[in-house]
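Have the structure open in your viewer and get ready to select a few side chains.

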Amino acid sequence: MSNLNRRDFGLALTASAGLGLTSLELAAMQDETSKGSFTDVGGIKVGHFTDSRRSTGCTAILFEDEAAVGVDYDGSAPGDHLGVMLQPASPIDTVHGILLAGAGPFGLAAVQGMVRYLEEHKRGFDWGISNLRIPIVVGAVIDDLALGDARIRPGPDEGYKACQAASSSPVKEGNVGAGAGATVGKMLVSQGMGGMKAGIGCSSRHLGNVIIGALVVANSVGDIRDWRNGKILAGARRPDDRGFVSIVEVLAKNLSEMGSRTSLRINDLPFRSTTLALVATNVDFNKTQLTKIAMMASTGAARVINPYHTTGDGDSTFAISTNKLKADIPLSAVGALAAEVVSEATVQSVKMASSIDNWPAYRDYTMR
């Protein structure tokens with residue numbers, strides 16, 4: 001078959017079905033549909049558990065073989081499990097899975113579900129004891145506890161179910177898994193400017209034999225912008241709900257007008273906002289190299305989210321190599337393109353989201 005990707009193939013089928021769509025309508029569909037998937041990299045499976053009782057859940061990322069992973073922590077308040085093992089100084093070079101969850105620090109309990117799943121499937125490091133393998137699972141969480149009953153949280157059983165659902169098919173996006181309760185544009189809520197719904201978004205690029213994919217859970221206090229033109233796609237809403245304000249411009253105005261006041265009201269408490277970005281490639285890189293790629297990829301989210309890496313953020317970017325392609329590819333080339341893919345996945349995280357109570361979505365504004 002030709003180099004037609006999933007998105008273009010789907011559009012071609014739609015056009016050939018005789019629906020009579022105009023070129024403008026087809027272009028609009030292309031903008032709103034998939035930009036490729038995280039699993040396009042190969043050797044990766046992703047599954048979600050989405051709780052039907054409130055907006056929360058977890059997402060399992062499983063590797064067909066052990067994968068090398070590096071991380072860049074630029075937020076001030078990350079919630080994670082075994083993230084320290086990804087530092088270059090750690091002797092552990094590969095991991096067996098990554099578990100993303102809602103419910104803030106409580107959600108880290110879901111990691112044990114993946115550990116149980118992997119142990120049952122005989123995956124893990126040989127511990128030198130008969131019939132015992134130890135899975136290394138990295139966990140990371142976002143806060144969604146303010147949405148519904150905070151006593152409802154993903155735990156071990158939910159993490160296990162997410163693993164059971166894992167597939168190499170294109171990743172479901174929007175209000176699913178760890179992105180079920182993701183929201184953005186929250187910094188000015190106390191000033192009457194509400195935020196919006198986000199979720200999980202994916203993107204990928206095929207560059208000859210090189211594949212780069214990204215998965216992003218956007219849960220930021222900042223606005224989400226189209227980095228190409230600066231347009232706000234989702235963020236702080238005007239009090240009359242007719243469009244957006246620019247958070248940074250409001251902050252500048254408030255600071256200029258503070259006068260004798262000694263405080264400025266913003267919503268940026270620790271642990272309350274975290275964007276999780278995963279970028280993967282089939283190119284063979286070790287953990288130290290991937291740490292640098294994670295740093296570069298993080299700039300992709302920074303192009304889209306403003307403000308980003310605030311004192312309350314736990315922003316974390318993970319870079320993964322499935323080690324399938326043994327080639328002399330410059331690290332900086334992959335890192336630069338990884339940033340582009342993360343930018344696109346971050347935009348997708350709001351474009352694919354659906355509204356919930358008091359949290360409208362991008363789609364609500366584009367349909368007006």
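**A tour of the rings**

Begin by selecting Phe-318, which counts as buried at 0% relative accessibility (buried means under 20% relative accessible area, exposed over 50%, partly exposed in between, with a 1.4 Å probe and protein chains only). A word on the ground rules: this is a predicted model, where local features need pLDDT of at least 70 and side-chain atom pairs count only at pLDDT 80 or more, while totals for chains, interfaces and linings use all residues. Residues are numbered from 1 along each chain as its sequence is written, and side-chain values use heavy atoms, leaving out hydrogens and water.

Three aromatic pairs are found in the structure. Rings of Phe, Tyr and Trp (its six-membered ring) pair if their centres lie within 6.5 Å; planes under 30 degrees apart count as stacked, over 60 as edge-to-face and the rest as tilted.

Tyr-73 is partly exposed, at 25% relative accessible area.

Next, select Tyr-117 and Tyr-160. Their ring centres are 5.6 Å apart and their planes at 75°, so this pair is edge-to-face. Both Tyr-117 and Tyr-160 are buried.

Which residue's charged end sits over the ring of Phe-106? Select Arg-153: its charged end is 3.5 Å from the ring centre. A charge sits over a ring if NZ of Lys or CZ of Arg is within 6 Å of the ring centre and within 35 degrees of the ring normal.

Finish at Trp-227, where Arg-228 lies over the face, 4.0 Å from the ring centre.
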